[in-house]
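Hi,

Here is the structure I promised to pass on.

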Amino acid sequence: MGPELEGRFDGDGIVRVAGDARQRFYDARGYGYPLEGNEIALAPVEAAHLLYRGDLEAVYDERSRSGDENESGNDDTEAERLDFRSFVAREPGDAFGVRFLVYADLRSRGFYLSPAREPWIGETLECDFAVFPRGKGPTDGVVEYPLRIVGERTDIPAGALEEGVLAVVDEESEITYFEVDRREISGTSERSLPTGVEADLLADRVVVWEPPLELYERTFYGQPLEGREYDEPTLQCSLVEAAHLAERGAIDIEAETVLERGREVEGERFDRRLAVYETLRECGVVPKTGYKFGADFRTYSDVESVDDLGHSELLLRVLPASHVFEPRDLALDVRLAHGVRKTMVFALVKNGSEGGGGDGDENAAIEWWSLERLTP
């Protein structure tokens, strides 16, 4: 095992360990980064983990010295000796408690990880840690995923979402991992439409009279008034479906009339949902209500016939780009989507993309983010 090693916590916020620390900790197990000779520097969370494991005997806090010098110019004040308990009690570093819990958990699962900045790794990432593939470390130049860590009470602005993994630590110190990705939206569903079909605007929906069968059976607009038994269905369409159809001349109601009714019923939320709906349709994806799942839409990417309709793939929630997530709401949405074998996607609508348009340009003004549970 070698001699017992001790570290020194300096004013730069790192723990220096000499002796054979480079061979024992850095070369063999990916802790810290090398200094001169065999000395290494550890982040506080790395030092805490080595203290916890008993691989590091103690850390002396150089910051506890008084700074008063005697006549010979030496500081007589001894640095305070810290074991694991006293080191952790000082919470040395931003959000130290939750970061240590995740660090220790991933180490126990066989991963090496380092603070996501130089000089630990060769670049600085917009996250807390760089997690390396099993069997690899910081010198291999491969990052399995960037990792961000928050407590369950830490809000997450939508604009701060980054690709990688989000670890949420709850009040009982249990950890939930979410894989966060940008989502590409595409499908092969039919997009052809009729023209000028008769329709009536009701309080919060539109009835389409005598539409061609394909409007429902091939392109999956509305729901038949007659239920499943129909020859030529009369369709009930939501306001967002009707606005999309009206803007393209598929029904004989003025688009502005439907837009005004939608805004009366839903407020500003209607324009966001319509922008997302139209983008999905232009991308060959069929959106239908996600009400039963607590979402705005569920989506089908490859509709050929309603008679041969598979399961929807995505649950989609439409939010303004300025939205701020609470981690427990994220957990609820992702858990629900997973329970019904779907992926949770958030469509973040930027200012200026509301109001429709139908030419597909809105796609650039909408960010699509998927979140799924991950077991490292």
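Which glycine follows H4, and what is its phi? That would be glycine 110, with a positive phi near 95°. Bear in mind throughout that this is a predicted model.

H4 itself covers residues 96-108, so to speak a 13-residue helix. From first C-alpha to last, H4 reaches 18 Å, close to the 18 Å expected at 1.5 Å a residue. Its buried residues are Phe96, Val98, Phe100, Val102, Tyr103, Ala104, Asp105, Leu106 and Arg107.

Next, a pair of helices. The axes of H7 (residues 255-266) and H8 (residues 269-282) come within 7 Å and cross at roughly 125°. Angles from 65 to 115 degrees count as roughly perpendicular and those over 145 as roughly antiparallel, so H7 is oblique to H8. On the H7 side, Val258, Leu259, Gly262, Arg263 and Glu266 make the contact, and H8 brings Arg269, Phe270, Asp271, Arg273 and Leu274. By type, that contact has five charged residues, four nonpolar and one polar.

- Glutamate 118 and proline 119 are joined by a cis peptide bond, omega about 0°. Proline 119 lies in the loop between strands S7 (113-115) and S8 (129-131).
- Glutamate 210 is not a glycine, yet has a positive phi near 50°. This residue sits between strand S14 (205-208) and helix H5 (213-217), and is exposed at 70% relative accessible area.
- Phenylalanine 220 also has a positive phi, near 60°. You'll find phenylalanine 220 in the loop between H5 and strand S15 (223-224), where it is buried, with a relative accessible area of 3%.

Cheers

Terms used: Residues numbered from 1 in each chain as written. Predicted model: local features only at pLDDT ≥ 70, side-chain atom pairs only at ≥ 80, totals over all residues. Heavy atoms only, no water. Axes fitted to C-alpha atoms, helices over the stretch in contact; angles between N-to-C directions. Helix = DSSP H or I, 4+ residues; strand = E, 2+ residues; numbered from the N terminus. Parallel < 35°, antiparallel > 145°, perpendicular 65-115°, else oblique. Contact = heavy atoms within 4.5 Å. Nonpolar A, V, L, I, M, F, W, Y, C, P; charged D, E, K, R; others polar. Expected span 1.5 Å × (residues − 1). Buried < 20%, exposed > 50% of the residue type's maximum accessible area, 1.4 Å probe, protein only.
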